[in-house]
Each structure stands twice: as C-alpha cells, then as structure tokens.
Amino acid sequence: MKNLSAIAVYCGSSDGNDPSHLRCAHDFGELLAREGIALVYGGGNVGLMGAVADGALRGGGEVHGVITRALEVKELAHRGLTSLITVETMHERKAAMADRADAFVALPGGFGTYDELFEVITWTQLGIQEKPCGILNNGGFFDELIAFIDKATRAGFVKPPHRDAVVCENDGESVLTRLRAWVPAAIPKIVDRGER
C-alpha cells in the first residue's frame, strides 16, 4: 500500500452549475483530513478550490496552497491555510504543487484542471515521477473524458499500463483506496528519472 501523506487536488475556481460538485469538493477535503492526508491545492478561496480547502480545514487537516502573485493581488488567496506559497508563474505553481504531493486527484473544473491533470499523468508515464493520478468522477462529470482516454488506449496511443496510472472512481473513498494500491507500470520508461 502506498503511503499518501499529501495529495494535490486540481479543480475549478468556479462553483459550476451543479451544487453537488461544491459538496463533493468540500466532502473530499474533509475526507483527506480524516485520513491524515495533507491537501495541496491552488491556494484560492473561490469555487471548488475554496470548498475543498474549507472542507479540509473544517476537518482539522493541513492545507498547503500555492498561488501566483497575480492571483494573490486580486485577493483570491485563501487566508486561513496552514501555509501559502506565492510564485510568479503558472509553471512554478504546478511544479511546486507536484513536488509536495504523493498523488494527484482531479475534481470537476475547466481548462486549468485538465492541463494540470494531464501534465502529471504525462510525468508519471515518462517516469519523471512515480505518483498515481486520480479522477473523482462526481455525477459522471468526467464520463466523456474517461471514454476519450480509453479510446486513445484502444487506438494504440496510450499503453494499457499507462492507462492504469489514471484511477477513475465516483467517490472519494474509492479514489483513495485505488491510489494507495497503485504500483508503477513495469515497462521501460521513456525518460530516465535522473534526467529531470
């Protein structure tokens, strides 16, 4: 079983149109706190990002935010966190979040969420890191994206062992169970870990 001391969560800075996504984010934050897993996230106080942080804080968990200076200046930073790191660029933000996490979970969100998720999936595929990536598919939000990943696998663009690095579940408990059970693909890596 993989030890998960911190998980980076990627999710929307908007509330979305379905209130269940906000509840899911809040509940997942509370679950991480109950499990003794620190939350690493984008540092915002709005949308699903704010909800997952508030849930973790309400549960007594550690919450570490990483935000760009531009967003902090717009007063979008959450001020009640365990720690908040301010960086200059989105690239620095993503790297800082990844460095602090043992695994990654995407909740509903927009382009930024997909960008963050697919970057860490690619890093795992290339052997830059050995960290599992999860999708919390609340209300079927990611159904079409998951189907597309499976289509790419059937088409020969994603190797099945790499597809297995993307854990997809409909509830937080199942996501955590699968992330803990994940083992790296036993196939040669495209990039040697020492090259990063």
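Student: Why is Y10 called buried?

Tutor: This is a predicted model, and its values are computed. Y10 has a relative accessible area of 2%. Buried means under 20%, so Y10 counts as buried.

Student: What makes F104 buried or exposed?

Tutor: The relative accessibility of F104 is 0%. That value is under 20%, so F104 is buried.

Student: How many aromatic pairs are there?

Tutor: The count is three aromatic pairs. Y10 and F104 form one of them.

Student: Why is the pair of Y10 and F104 called stacked?

Tutor: The ring centres lie 6.1 Å apart, and a pair needs centres within 6.5 Å. The planes stand at 5 degrees, and planes under 30 degrees apart count as stacked. The pair is therefore stacked.

Student: Where in the chain do Y10 and F104 lie?

Tutor: Y10 is in strand 1 (residues 6-10), and F104 is in strand 5 (residues 103-106). They are 94 residues apart, and the pair links distant parts of the chain.

Student: What makes the pair of F141 and F142 edge-to-face?

Tutor: Their ring centres are 4.9 Å apart, which is within 6.5 Å, so the rings pair. Their planes are at 85 degrees, which is over 60, so the pair is edge-to-face.

Student: How do helix 1 and helix 2 pack?

Tutor: Helix 1 (residues 19-34) and helix 2 (residues 47-58) pack at an angle of about 35 degrees, with axes 6 Å apart. The crossing is right-handed. Helix 1 brings H21, L22, A25, H26, G29, E30 and A33 to the contact. Among the residues from helix 2 are G47, L48, A51 and R58.

Student: What kinds of residue make up the contact of helix 1 with helix 2?

Tutor: Seven are nonpolar, five are polar and three are charged.

Student: What is the order of the strands in the open sheet?

Tutor: The seven strands run in the order 4-3-2-1-5-6-7, with parallel pairing.

Student: What makes strand 4 and strand 7 edge strands?

Tutor: Strand 4 (83-87) and strand 7 (166-169) each pair on one side only. Across the sheet, neighbouring strands are turned by 25 degrees against each other on average, direction ignored.

Student: How do you know that strand 6 and strand 7 pair?

Tutor: Strand 6 (residues 133-136) and strand 7 share four bridges in the parallel sense. Pairing requires at least two bridges, so these strands pair. C133 has V166 in strand 7 as its bridge partner.

Student: How many bridges join strand 2 to strand 3?

Tutor: Three bridges join strand 2 to strand 3, and the two run parallel. With at least two required, they count as a pair too. V40 stands opposite H64 in strand 3.

Student: Why is strand 3 called largely enclosed by the rest of the structure?

Tutor: Six of the six residues of strand 3 are buried, so the strand is largely enclosed. V63, G65 and I67 point one way, while H64, V66 and T68 point the other way.

Student: Which strands does helix 2 lie across?

Tutor: Helix 2 lies across strand 1, strand 2 (38-41) and strand 3 (63-68). Its direction is at about 160 degrees to strand 2. Helix 5 (residues 111-126) lies across strand 1, strand 5, strand 6 and strand 7, at about 145 degrees to strand 6.

Student: Why is H78 called buried?

Tutor: H78 has a relative accessible area of 11%, which is under 20%, so H78 is buried. Its place is in the loop between helix 3 (69-73) and strand 4.

Student: Which residues is H78 in contact with, leaving aside its neighbours within four places in sequence?

Tutor: The contacts of H78 are Y41, G43, G44, N45, A53, D54, L57 and L84. H78 and N45 are 33 residues apart in sequence but 4.5 Å apart in space, C-alpha to C-alpha.

Student: What makes G127 buried or exposed?

Tutor: G127 has a relative accessible area of 0%, which is under 20%, so G127 is buried. G127 lies in the loop between helix 5 and strand 6.

How values were computed. Residues are numbered from 1 along each chain as its sequence is written. This is a predicted model: local features need pLDDT of at least 70, side-chain atom pairs count only at pLDDT 80 or more; totals for chains, interfaces and linings use all residues. Side-chain values use heavy atoms; hydrogens and water are left out. Rings of Phe, Tyr and Trp (its six-membered ring) pair if their centres lie within 6.5 Å; planes under 30 degrees apart count as stacked, over 60 as edge-to-face and the rest as tilted. Buried means under 20% relative accessible area, exposed over 50%, partly exposed in between (1.4 Å probe, protein chains only). Axes are lines fitted to C-alpha atoms, for helices over the stretch in contact, and angles run from 0 to 180 degrees between N-to-C directions. A crossing is left-handed if the near helix is turned anticlockwise from the far one by less than a right angle, and right-handed if clockwise. Contact means heavy atoms within 4.5 Å. Ala, Val, Leu, Ile, Met, Phe, Trp, Tyr, Cys and Pro count as nonpolar, Asp, Glu, Lys and Arg as charged, and the others, Gly among them, as polar.
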